[in-house]
Amino acid sequence: MPESGGIYYDRQEVRAAAEREQAMFHALPGLIRHALDNAPFFTRHLAGVDPDEVGDRAALARLPVVRKSDLAERQQAERPFGGLMATPIGRLARIFASPGPIYDPEGVRHDYWRFARAMFAAGFRSGEIVHNSFSYHLTPAGSMAEGGARALGCPVIPGGTGHTEQQARIIADVRPAAYVGTPSFLLILLEKGRELGLDMGSITKALVSGEAFPPAQRERLKAGFGIDACQCYATADLGLVAYESSARDGLIVDESIIVEIVRPGTGDPVPEGEVGEIVVTAFNPDYPLVRFATGDLSAVLPGESPCGRTNMRISGWMGRADQATKVRGMFVQPRQIAELLRRHPEAARARLIVEAADGKDRMRLVCEAGQRPEGLASAIAESVRGITGMRAEVELVAPGSLPNDGKVIDDRRAVS
């Protein structure tokens with residue numbers, strides 16, 4: 001539990017960046033060795049890897065990624081956790097089922113999902129009652145939030161989802177100071193309370209997640225109901241990934257993970273500021289996910305948070321990286337576009353645009369290229385045909401012409 005009166009959860013949040021990096025990569029070989037020795041999937045997946053050689057980000061980036069999009073199939077082949085768990089099943093506290101289905105283990109450690117840090121940054125303090133409207137049914141969100149609240153010393157109202165009127169009346173009676181759940185359900189609860197003439201003004205702070213939280217919604221909570229809300233980004237596999245502070249300037253990466261932003265369809269890190277897929281390595285001995293590709297897009301923000309926390313910041317959720325689309329009866333994958341770029345280093349970035357013309361699918365590959373040797377467009381077009389089995393027009397444009405949104409395949413047929 002953090003010290004009373006402090007503005008940071010612990011000293012880790014204000015470490016020098018070099019100190020944090022050194023600590024993380026000093027611990028990483030032990031995590032990889034543990035995964036190799038105890039998780040059958042990683043024994044195969046990382047075969048031949050010497051953990052002691054993975055001592056910095058460049059070495060980590062050479063390891064293969066584990067894709068969340070493959071988990072459901074992998075778990076069906078090797079039940080229940082696809083060989084990724086590294087602890088005896090009898091030592092687990094709970095087993096969750098997320099859509100897919102994907103089965104997620106929860107161990108017995110204190111604040112297993114590491115939510116207390118995000119709650120503290122959102123202003124939650126010991127002794128305050130927290131109303132938890134995340135689901136307690138099968139998915140882990142309710143347990144994530146409850147574990148964090150209890151770690152802070154906050155009693156929890158386990159509201160879950162639904163039963164809107166009943167939850168509104170409980171809030172009016174019990175007077176919680178804080179809410180955790182989705183922002184849309186918080187607004188539904190508040191509007192229901194207003195409709196019933198209930199006083200729900202005890203809630204003055206919130207930590208929201210699970211869906212987009214646009215500025216207009218944040219302002220509506222503040223102006224209409226006096227609630228200061230922060231958001232966080234978490235997944236059912238990893239727990240907390242990044243959280244917002246009072247600075248409201250990007251999401252600060254949690255202290256127990258390593259985050260990389262990579263080009264969709266690859267494991268290759270992108271330059272700071274470029275949108276790519278979030279890849280996480282989590283220091284979780286039960287479920288040691290090494291280079292776990294979430295399928296979500298974000299970008300690294302420059303500098304440190306104005307609140308004084310020094311860890312990497314990301315922009316928050318910016319869409320999905322899983323952009324596979326079917327063209328003329330065949331799937332085109334982001335990894336195929338990445339292979340094109342590997343074959344043609346003159347092209348720094350590329351986007352495949354899929355359109356419908358006269359009832360037929362049409363592909364157009366737009367490539368950023370500063371140097372354009374003669375025949376480059378024709379050579380790229382030939383590679384497209386070789387890799388995808390289909391023809392595409394190739395358009396060469398100046399560097400910086402493509403939007404910085406992480407999109408590799410742009411399917412425009414639905415709006416054509």
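These questions and answers go through some terms used for this predicted model and the values behind them.

This is a predicted model in which local features need pLDDT of at least 70 and side-chain atom pairs count only at pLDDT 80 or more, while totals for chains, interfaces and linings use all residues. Residues are numbered from 1 along each chain as its sequence is written, and side-chain values use heavy atoms, with hydrogens and water left out.

Q: Why is Cys 154 called buried?
A: Buried means under 20% relative accessible area, with over 50% called exposed and partly exposed in between (1.4 Å probe, protein chains only). Cys 154 has 0% relative accessibility, so Cys 154 counts as buried.

Q: What makes Cys 232 count as buried?
A: The relative accessibility of Cys 232 is 6%, and therefore Cys 232 counts as buried.

Q: What makes the pair of Phe 41 and Phe 42 edge-to-face?
A: A pair of aromatic rings is described by the distance of the centres and the angle of the planes. Rings of Phe, Tyr and Trp (its six-membered ring) pair if their centres lie within 6.5 Å, and planes under 30 degrees apart count as stacked, over 60 as edge-to-face and the rest as tilted. The structure holds five aromatic pairs. In one of them, Phe 41 and Phe 42, the distance is 5.1 Å centre to centre and the angle between the planes is 75°, which makes the pair edge-to-face. Both Phe 41 and Phe 42 are buried.

Q: Why is the pair of Phe 81 and Tyr 287 called edge-to-face?
A: The ring centres of Phe 81 and Tyr 287 are 6.4 Å apart and their planes stand at 65°, so the pair is edge-to-face. The pair links distant parts of the chain, since Phe 81 is in the loop between α4 (71–77) and β2 (94–98) and Tyr 287 is in the loop between β12 (276–282) and β13, 206 residues apart. Both Phe 81 and Tyr 287 are buried.

Q: What places Arg 125 over the face of Phe 120?
A: A charge sits over a ring if NZ of Lys or CZ of Arg is within 6 Å of the ring centre and within 35 degrees of the ring normal. Arg 125 lies over the face of Phe 120, at 3.6 Å from the ring centre.

Q: Which residues are closest to the centre of the largest cavity?
A: On a 1 Å grid over the protein atoms alone, a cavity is a set of points where a 1.4 Å probe fits but cannot get out, and lining residues have an atom within 4 Å of a point. A search of the whole structure finds one cavity of 30 Å³ or more, and about 160 Å³ of space lies in the largest cavity. Of the 18 residues that line the largest cavity, the closest to its centre are Arg 263, Arg 349, Ala 350, Lys 407 and Val 408.

Technical notes. Helices (H or I, at least four residues) and strands (E, at least two) are DSSP runs, numbered from the N terminus. On a 1 Å grid over the protein atoms alone, a cavity is a set of points where a 1.4 Å probe fits but cannot get out, and a pocket is an open set with protein on both sides within 12 Å along at least five of seven lines; lining residues have an atom within 4 Å of a point. Grid points are joined across faces, edges and corners, and a volume is the space filled by probe spheres set on the points.
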